[in-house]
Structures are given as C-alpha cells and as structure tokens.
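Please look through the model below with its sequence alongside.

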Amino acid sequence: MAKTAICFKANQAYLASYSLKTTFMKTMTCSQLGGACDEEFHAKTIEEMTELSKKHATEMIEKGDEAHIKARKEMQELMHFSEGMNAWFENKRKTFDCLAHDNK
Ligand SMILES: [Zn+2]
C-alpha cells in the first residue's frame, strides 16, 4: 500500500510537469496484463491497454497457444465475481498510472 502511495505522488509530480503533453503512450506487457508472454502494448489509457491485450490473447488462443489459454481460463474464473474483476482492473489501473510514459 505504501508503495502505491509513493508511486502516486511521483506520478502526480510527473503529470504536473508534463500537463501540456497529453498524448504520451505507455507500455505494458502481455504478462503484466494477466497474459502469458512479453508482447508489448502501447496505449494512452488502461481501457485501451486491456482492449489490446484481450485482442492479442484472443489471437494467441486461436493459434492454440497453451500459455494464453491457461491465462484466459484464470481470467474467466476471476470474472465470475464482479468484485474479483474490479479488484483486478483496479490493480492494473494502478500499475498503469505508475508507469512512466514512453520516451518517444
Ligand atoms: Zn501474450
């Protein structure tokens, strides 16, 4: 919890100094998003990010990738409970918020 608070503060300062630049992208990997590989996704919001990861996971599952099939099953178990899903999303959102923007 303390870690998150520190990160949040740092992020606020970061946002303040870059408030005029709102088009930065952030990077997260498939495994950071509950997937199974190091594929990188670039997006401006966590919503976009999870969409990209879902699309990628679906493609991998269609190819019959075992690791992604397993990861998807675990996600589906989580989705049976809206609280579990919300907690998952909240967790990913925090991770996303704490990331530095891509330096591009
Ligand atoms: Zn993947």
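K70 has a relative accessibility of 55% and so counts as exposed; the cut-offs are over 50% for exposed, under 20% for buried and in between for partly exposed, using a 1.4 Å probe and protein chains only. The side chain of K70 meets that of E74 in a salt bridge, at 3.4 Å from N to O. A salt bridge here is a side-chain nitrogen of Lys or Arg within 4 Å of a carboxyl oxygen of Asp or Glu. Side chains of opposite charge can pair when their charged atoms come close. E74 is partly exposed at 46%. Both K70 and E74 belong to helix α3, four residues apart, or about one turn of the helix. Helices are DSSP runs of H or I with at least four residues, strands are runs of E with at least two, and both are numbered from the N terminus.

This is a predicted model, in which local features need pLDDT of at least 70 and side-chain atom pairs count only at pLDDT 80 or more, while totals for chains, interfaces and linings use all residues. Residues are numbered from 1 along each chain as its sequence is written, and side-chain values use heavy atoms, with hydrogens and water left out.

The structure holds four salt bridges.

| Pair | Helix | N to O distance |
|---|---|---|
| K54 and E51 | α2 | 3.4 Å |
| K70 and E74 | α3 | 3.4 Å |
| D97 and R93 | α4 | 3.2 Å |

In helix α2, K54 and E51 are three residues apart, about one turn of the helix. K54 is partly exposed at 43% relative accessible area, and E51 is partly exposed at 46%. In helix α4, D97 and R93 are four residues apart, which also places about one helical turn between them. D97 is partly exposed at 25%, as is R93 at 29%. Salt bridges with shared partners join E90, R93 and D97 into one network.

Which residues of α4 are buried? They are W88, K92 and F96. Seen down the axis of α4, the buried residues fall within an arc of 75°, so they line one face of the helix; the arc is taken from the directions from the helix axis to the C-beta atoms. These buried residues pack against β1, β2, α2 and α3, where contact means heavy atoms within 4.5 Å. The face turned away from the buried side carries the exposed residues S82, E83 and N86.

The zinc ion has four protein donors, C30 (SG), C37 (SG), H56 (NE2) and H68 (NE2), at 2.0 to 2.3 Å. Donors are N, O and S atoms within 2.8 Å of the metal (3.2 Å for Na, K and Ca); water is not among the atoms, so sites may look incomplete. Why is the arrangement called tetrahedral? The four donor atoms subtend angles of 104 to 116° around the zinc ion, and four donors count as tetrahedral if all angles lie between 85 and 135 degrees. C37 lies in the loop between β1 and β2 and H68 in helix α3, so this pair ties together parts 31 residues apart in sequence. H68 is buried, with a relative accessible area of 2%.

How values were computed
Tetrahedral: all angles 85-135°; square planar, octahedral: opposite > 155°, others 65-115°.
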